[in-house]
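Here are my notes on this one, in numbered points. Have the sequence and the model open while you go through them.

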Amino acid sequence: MAALLIRNGRVIDPASGTDTTADVLIEDGVIAGVGPDLRSPGAEVYDAGGMIVAPGFIDMHVHLREPGFEHAETIESGSRAAAAGGFTSICCMPNTKPVNDSVTVTSYIVEQARKKAVVNVFPIGAITKGSAGEEISAIGGMKAAGAVAISDDGLPVMNARVMRRAMEFARAYDVPIIQHCEDLNLSAGGDMHEGAQSVRWGLRGIPAASEDIMVSRDLILAQLTGARYHVAHISTANSVAMVAFARKQGLPVTCEVTPHHFALADQDMAPYDSNFKMKPPLRSSPHREGVLYALARGTVSAIATDHAPHPGSEKMQEFERCPFGIIGLETAIGLALDHLVAAGRITLQRMVELFTTGPESVMRLGRGTLAAGAPGDVTVFSTDVEWTYDVNQSASRSRNSPFDGRSFRGGPMATIVSGEIRWKR
Amino acid sequence: MPEGLLGIEELDRGQIEAILQRAKHFQPMQSQSLKKLDTLRGKMIVNLFYEASTRTRTSFEIAAKRLGADAVSITASGSSVTKGESLVDTLNTLAAMRPDAIVMRHAASGAPHFLARHLPTPIINAGDGTHEHPTQALLDARTILDRKGKLTGLRVAIIGDIAHSRVARSNVHLLARFGAEIVLCGPASLLPAELQHLAPGVTLTTDIRTAIRNADVIMMLRVQLERQHEAAFPASEYFRFYGLQLGHLDLAKPDAIVMHPGPINRGRELSSEVADFQRSVILNQVENGIAVRMAVLEKVIG
């Protein structure tokens with residue numbers, strides 16, 4: 001296999017604490033070395049002068065919609081959107097049709113990804129059969145077939161007893177258990193964050209308490225069971241405070257934040273525009289502040305997009321009828337650079353951590369590092385390239401983004417998977 | 001976006017005053033024997049009602065006709081809506097017939113706002129979900145002005161299911177523009193605390209007596225059972241705690257007026273005696289509805 005030499009970039013590798021100008025050499029699909037003036041006769045050369053070179057970014061929370069909803073996204077189109085967003089590895093949630101609650105579906109996704117995906121795709125298996133919240137699914141088999149975690153994402157496991165059992169299994173199989181935290185009784189019928197804005201617009205609210213109650217219950221169960229428990233798309237001030245507390249107690253508890261939750265608050269929503277409708281909803285500013293604080297303080301392990309494609313026909317309806325979710329793979333780095341780094345909330349090194357060693361620590365994919373011998377996955381990005389997001393040019397099959405038309409300073413430049421450039425600007 | 005009328009919140013005080021002033025000009029016409037103008041002759045207005053409505057739809061229809069426009073009314077049942085056509089497709093079809101305005105009522109908050117972004121035709125909101133009902137607030141303001149001569153400084157009590165009331169929201173925005181003192185009153189479960197931030201001058205209370213004390217205007221709201229997704233308040237107790245009774249009126253200013261957007265439920269929101277009370281202006285509201293809607297149609301199309 002050919003070699004790829006990435007020259008002259010500022011190499012940031014949180015795993016080794018590296019932040020220096022250097023070359024990165026990839027041979028036979030794995031990292032061969034990082035250092036000054038590396039030579040490899042005949043290697044393809046990518047000039048990363050003025051750019052940041054980092055381990056391949058990991059998005060541990062995406063929806064690829066295949067099998068079952070291929071009109072919204074496929075493993076192939078979703079992986080292309082990932083590559084265009086600077087991600088080399090993505091973990092896909094099990095809410096497909098059928099739900100990925102079996103070895104058969106897990107194997108199908110792994111096989112489709114092997115044939116068609118341009119980035120690494122890691123399936124997440126369902127906690128319960130059909131994600132119905134009742135009967136635990138075949139976790140051991142799915143793990144053997146390639147599942148890297150379990151989650152009923154999109155739905156919470158409402159029954160505490162079932163969740164306890166699932167955590168016991170998760171611990172036994174040593175997989176993280178990822179919860180979409182929402183008390184469905186409290187949130188029922190809600191379309192946006194419950195607060196001044198929902199009251200003003202006459203839309204039914206999803207109270208922050210619906211998330212907080214589930215997080216608190218699960219943290220208690222995590223303590224009881226010792227499971228590696230992860231809160232998906234955390235969005236409230238109380239929830240991040242509780243996770244911080246649990247971590248301080250030494251529990252193996254982690255959480256992720258989406259770019260839209262750190263970039264936007266409910267007051268930024270265009271009125272009744274379903275491109276701003278997702279779960280959890282865009283919260284009020286104090287919650288957004290809480291999340292930003294948690295990102296800076298280290299409570300949050302990962303930035304994850306919750307990329308959730310929906311076709312235009314489903315999003316072109318009355319707000320209350322539209323499905324929840326927005327696409328996010330292609331805008332994640334731009335938003336992180338803008339709202340976190342340029343805004344002075346976190347350092348560039350911390351940002352890279354949130355896309356690499358952070359999600360790696362949760363998912364244990366054996367990636368997120370530029371150590372010699374690691375998979376040759378590299379993300380090259382710029383902090384000053386100016387570009388405008390045109391959702392109609394998206395690699396995704398769907399167009400549901402609130403960031404269409406937005407101008408960015410900084411974004412992905414090249415996405416390298418196993419030593420091959422899969423996307424470049 | 002074409003200039004329609006989506007809500008009171010988008011209007012400034014001057015725009016509201018202009019409509020109210022114009023409505024005053026149309027008022028005498030309502031009792032003339034010859035009631036028709038030709039201001040909007042040749043114009044076409046479509047009334048598209050996705051929710052049951054008698055008075056608002058009729059009022060818009062009459063207003064259009066008195067201005068010389070043609071009006072077509074469509075109700076959701078018996079139209080393509082029941083055949084599964086999406087809202088956007090229905091509206092696109094109607095827009096292709098080139099009406100000059102679409103008057104629309106819909107059960108979903110924001111439905112007209114969503115459509116206004118995608119359609120070339122001006123949209124007049126005749127009530128969207130639990131959000132706004134701008135022409136109701138305008139006719140209420142016209143009615144208050146007729147009796148009180150001003151809005152500024154008045155104490156207005158709005159009582160009932162505030163959470164689900166588009167009438168309350170539009171009235172709050174309008175009255176606040178003129179510096180009225182607004183007291184919102186209802187059962188705690190139908191009175192979210194955030195309502196206080198809706199506009200300046202708003203206070204909340206769960207006690208009907210506190211709300212009515214020294215009020216210049218008492219605005220009762222209909223109990224909207226169809227919008228309550230859970231039992232927010234025991235229906236059997238509603239009248240006892242939040243029904244307006246003759247005795248309550250002693251707490252208000254001696255010349256206080258009683259309003260209701262209709263349709264009234266005697267014995268639920270207000271006692272029969274209050275409905276027929278001499279200072280009840282419920283029928284004046286209905287009459288002003290036509291004058292105000294004429295002013296709105298003229299502004300949007302004329």
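**Notes on the two-chain model**

1. Let me begin with a loop. Tyr272(A) is found in the loop between H9 and H10 of chain A; helices (H or I, at least four residues) and strands (E, at least two) are DSSP runs, numbered from the N terminus. Its phi is near 55 degrees, a positive value in a residue other than glycine. Is Tyr272(A) buried or exposed? Tyr272(A) is buried, with 27 other C-beta atoms within 10 Å. For the cut-offs, buried means 20 or more other C-beta atoms within 10 Å of the residue's own, exposed means 12 or fewer, and partly exposed is in between, with C-beta atoms placed from the backbone.

2. Some housekeeping. This is a predicted model, in which local features need pLDDT of at least 70 and side-chain atom pairs count only at pLDDT 80 or more, while totals for chains, interfaces and linings use all residues. Residues are numbered from 1 along each chain as its sequence is written, and chains are lettered from A and ligands numbered from 1 in the order in which they are written. The complex gets an ipTM of 0.93 and a pTM of 0.95 from the predictor. For chain B the mean pLDDT (the predictor's confidence in each residue, from 0 to 100) is 92, and 94% of its residues reach 70 or more.

3. Another cis bond runs from Lys97(A) to Pro98(A), with omega near 0 degrees. Pro98(A) sits in the loop between strand S7 (87–92) and helix H2 (103–116) of chain A.

4. Asp37(A) is another one to look at. Its phi is near 50 degrees, again a positive value in a residue other than glycine, and Asp37(A) lies in the loop between strand S3 (30–35) and strand S4 (44–47) of chain A. Asp37(A) is exposed, with 8 other C-beta atoms within 10 Å.

5. On to chain A as a whole. Chain A has 14 helices and 18 strands. Its radius of gyration (taken over C-alpha atoms; the globule rule is 2.2 Å times the number of residues to the power 0.38) is 20 Å, close to the 22 Å that the rule gives for 425 residues, so chain A is as compact as a globular protein of that length. Of those 425 residues, 60% count as buried. The C-alpha atoms of chain A fill a box of roughly 65 × 45 × 45 Å along the principal axes.

6. Chain A is divided into domain 1 (3–52 + 375–394 + 408–424) and domain 2 (56–363), with bounds from an automatic or database domain assignment. The C-alpha centres of the two domains lie 27 Å apart. Their contact (C-beta atoms, placed from the backbone, within 7 Å) takes 21 residues from domain 1 and 26 residues from domain 2 of chain A. On the domain 1 side, strand S16 (378–388), strand S17 (407–417) and strand S18 (420–424) each supply at least two residues, and the largest share, 8 residues, comes from S17(A).

7. Which residues touch the most other members of the largest nonpolar core? In this core of 116 residues they are Val24(A), Val53(A), Cys91(A), Ile177(A) and Val380(A). A nonpolar core here is a set of buried Ala, Val, Leu, Ile, Met, Phe, Trp, Tyr and Cys residues joined through C-beta atoms within 7 Å. Helix H12 (residues 332–342) of chain A gives the largest share, 6 residues. Both domains of chain A give residues to this core, so it lies between them. A second, separate core of 101 residues includes Phe319(A), Leu48(B), Phe60(B) and Val292(B).

8. Chain B comes to 10 helices and 9 strands. The radius of gyration of chain B is 19 Å, close to the 19 Å that the globule rule gives for 302 residues, so chain B is as compact as a globular protein of that length. Of the 302 residues of chain B, 50% count as buried.

9. Finally, the chain–chain contact takes 16 residues from chain A and 20 residues from chain B. The chain A side divides into 8 nonpolar, 4 polar and 4 charged residues; here Ala, Val, Leu, Ile, Met, Phe, Trp, Tyr, Cys and Pro count as nonpolar, Asp, Glu, Lys and Arg as charged, and the others, Gly among them, as polar.

Conventions
Contact = placed C-beta atoms within 7 Å.
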